[in-house]
Amino acid sequence: MDYLEENGFNEPILVQKKDGLGMSMPAPTFYISDVENYVGPDVNVDVVDVTKQTDSQMKLKEFVDYYYSTNRKKVLNVINLEFSDTRMSTIVESPQIVRHLSWVENYWPDDALLGKPKVTRYCLICVKDSYTDFHIECGGASVWYHVLKGEKIFFLIKPTSANLSLYERWRSSSSHSEMFFADQVDKCYKCTLKQGQTLFVPSGWINAVLTPVDCLAFSGHFVHNLSVEMQMRAYEIEKRLKVKTLTPFPNFETACWYVGRHLLERFKGLHKANKQPALYLIHGAKIINGAFRAWTKKQALLEHEDELPENMKPSQLIKDLAKEIRLSENATKAIKNEPSIKVPVEEPASTQSEPEEPSSPTNIPSPSREKPKKKAPKPPKPPKPPKVPKAPKPPKVKDGEKKKVKKTKELSPPPKPSSFAALESHAKEILSKMDQQKKPKKEDQVTALSLSPSLKIYKYSQILPEEAH
């Protein structure tokens, strides 16, 4: 957990041995006939016809007979056998990190009217040459895979904005099954998962799976706090595409409401203890609260109200969570502006989510690093008084405003005006330094502002075919 909080869970992780993962697996002698015994021969299973990429149902016993037959006329693939409610759940357990992170495992109430989504434990029975085409897991879920027998080959594509746009365009095409999606992107990674190995695939990664030999594997889906933004993005793509899939993430929005309620209580508890949540939690809470607002708008409510949990007051939750987020953000800003202030953070490793937050222009961080250097020879607070007189300078243009500023200063407590004054004078100091060093013309500023979008356009023009320009 410490590793993921510090580095993020943004790239696939291959684990060579299962030792230390805290998961349970049957012995390597366990095979397909044993699956039938533990799950039940009359259980209906979803079967994919690999050539047509279409699905149908048959009894597990029929599929096992097909598996052991010497003359397989079709390539059939079982990837959707969820066995949480069967005897096999007593001998197969997901990795400990999955159970620690999972929203469903941790935040979904046991007494909820809607039962917990059953997506945590799947049995995959795949014959030689089975293939699952490129897809994003529903709800942007992360996935774990463990190969008990055989081998699997994964083709993995990073979920950049460009790749996600290309994927959505490819998936919405009527002829997408005739095109190999990896040909349309800059990079596609190949990862061979051998017997006894475990693979963790992060949220949003576009992946396809080939089975070169008969294979028995186990897997599961999980949504979590480390990838809230990507999960929400993938969920929106899935809704736009209206994708029908064998492995859905049922009641994704319901899970989000339970998580929102949990984060509200967690933030309240931390603030009472004078501590701050980790940055990735604040960022995730903002994404979730934004989704709540969208789902509860009058024009959207009909579409989303079925997934609203019972006894939930959405408007109150949105309001209270927004307040706690504001408190956390204000405290974070205070820490950044005053390096001498130290506020305890819930998790020691919170650097993971800093790049995900909307960052200010790149020229601002460097002067802010210079500021502490000036303060170093002096005590932390003495630098403030010289800067307070500078606060009235910005309102020089209008005399009326000067009086308003003075009035607010008299009414408000001393800490607020001093911090705003410091911020204003600091901003002026940075701008004047920049003017002295570069003195850019108006034309240069316009060029700089338009540079980033033009680069994006150029990048897309390299990737997309001519008709899409």
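The model is predicted, so local features were taken only where pLDDT is at least 70 and side-chain atom pairs only at pLDDT 80 or more, while totals for chains, interfaces and linings use all residues. Residues are numbered from 1 along each chain as its sequence is written, and side-chain values rest on heavy atoms, with hydrogens and water left out.

Aromatic rings come up a lot here. Rings of Phe, Tyr and Trp (its six-membered ring) were paired if their centres lie within 6.5 Å, with planes under 30 degrees apart called stacked, over 60 edge-to-face and the rest tilted. That rule gives 20 aromatic pairs. One of them joins Phe 30 to Tyr 38, a tilted pair at 5.7 Å centre to centre with 55° between the planes. For accessibility, buried means under 20% relative accessible area, exposed over 50%, and partly exposed in between (1.4 Å probe, protein chains only). Phe 30 is buried at 7%, whereas Tyr 38 is partly exposed at 25%.

Phe 155 and Phe 180 make an edge-to-face pair, with ring centres 6.4 Å apart and planes at 85°. Helices (H or I, at least four residues) and strands (E, at least two) are DSSP runs, numbered from the N terminus. On that numbering, Phe 155 belongs to strand 8 (residues 151-157), while Phe 180 sits in the loop between helix 6 (161-171) and strand 9 (189-194), so the contact ties together parts 25 residues apart in sequence. Phe 155 is buried, at 17% relative accessibility; Phe 180, at 36%, is partly exposed. Both rings belong to one aromatic cluster, along with Phe 134, Tyr 167, Trp 170 and Phe 181.

Charge also meets ring faces. A charge was taken to sit over a ring if NZ of Lys or CZ of Arg is within 6 Å of the ring centre and within 35 degrees of the ring normal. Arg 72 lies over the face of Tyr 67, at 5.0 Å from the ring centre, and also over that of Tyr 66, at 5.9 Å.

Strand 7 (residues 142-149) is mostly covered, with eight of its eight residues buried. Two strands were paired if DSSP finds at least two bridges between them. Strand 7 runs antiparallel to strand 12 (residues 215-222), joined by seven bridges, and Lys 149 stands opposite Leu 216 there. Strand 7 also pairs with strand 10 (residues 198-201), again in the antiparallel sense, over four bridges. In that pairing, His 146 faces Thr 198.
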